[in-house]
Amino acid sequence: MKKLVNSETDKSVSEFIEAISPKKRKADSKELLQLIQKITGKEPKIWGVSIIGFGKYSYKRKNGEEYEWFNVGFSPGKAHLSVYVMYDINQEQKLLRKLGNHKTGKGCLYIKKLEDVNMNVLTEIISKSDRW
């Protein structure tokens, strides 16, 4: 099994969270940490330098190389929170219309502040990724 740059580490999640600034991003990160932990029932792990991932699965790329990745995760970046889901989030247009202020990538949501989004809809999106 090959290791990705952002592979699972033994770094402390609580130390990582405590080092986040500004205070609002730290508070949102703590809330998101609790929400995802409640949904998944899994312990958070630091992946790479700045991703908090929950759960783990193996997958093979087209070239046959095998990797490990998390079921759902997030990263508290400077510009926004990145919520990583393991499916194409853009297939969820009905949910995304109800989510609130956000942007998307193929497998992620970019959220400036949790108060900008409907937490019930976010919970549904995260739950779908955990079942993936």
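Residues are numbered from 1 along each chain as its sequence is written, and, the model being predicted, local features need pLDDT of at least 70 and side-chain atom pairs pLDDT 80 or more, whereas totals for chains, interfaces and linings use all residues. Side-chain values use heavy atoms, with hydrogens and water left out.

Helices (H or I, at least four residues) and strands (E, at least two) are DSSP runs, numbered from the N terminus. Six strands form an open sheet in the order S1-S2-S5-S6-S8-S7, with antiparallel pairing; two strands pair if DSSP finds at least two bridges between them. Strands S1 (44-47) and S7 (103-104) are the edge strands, each pairing on one side only. Strand S2 (residues 51-54) runs antiparallel to strand S5 (residues 72-76), and three bridges join the two. In this pairing, Phe54 stands opposite Val72 in S5.

Two helices pack on the sheet, with contact meaning heavy atoms within 4.5 Å. Helix H2 (residues 23-40) touches S1, S2, S5, strand S6 (81-85) and strand S8 (108-111), and its direction makes about 175° with that of S5. Helix H4 (residues 119-131) touches S5, S6 and S8, and its direction makes about 40° with that of S6. Axes are lines fitted to C-alpha atoms, for helices over the stretch in contact, and angles run from 0 to 180 degrees between N-to-C directions.

H2 and H4 also pack on each other, at an angle of about 50° and with their axes 10 Å apart.

A nonpolar core is a set of buried Ala, Val, Leu, Ile, Met, Phe, Trp, Tyr and Cys residues joined through side-chain atoms within 4.5 Å; buried means under 20% relative accessible area, exposed over 50% and partly exposed in between (1.4 Å probe, protein chains only). The largest such core has 28 residues, and those with the most contacts inside it are Leu32, Phe74, Leu109, Leu122 and Ile125. Leaving aside neighbours within four places in sequence, Leu32 contacts Phe74, Leu81, Val83, Leu114, Leu122 and Ile126. A second, separate core of eight residues includes Leu4, Trp47, Tyr67 and Met86.

Ser129 lies in helix H4 and, at 1% relative accessibility, counts as buried.
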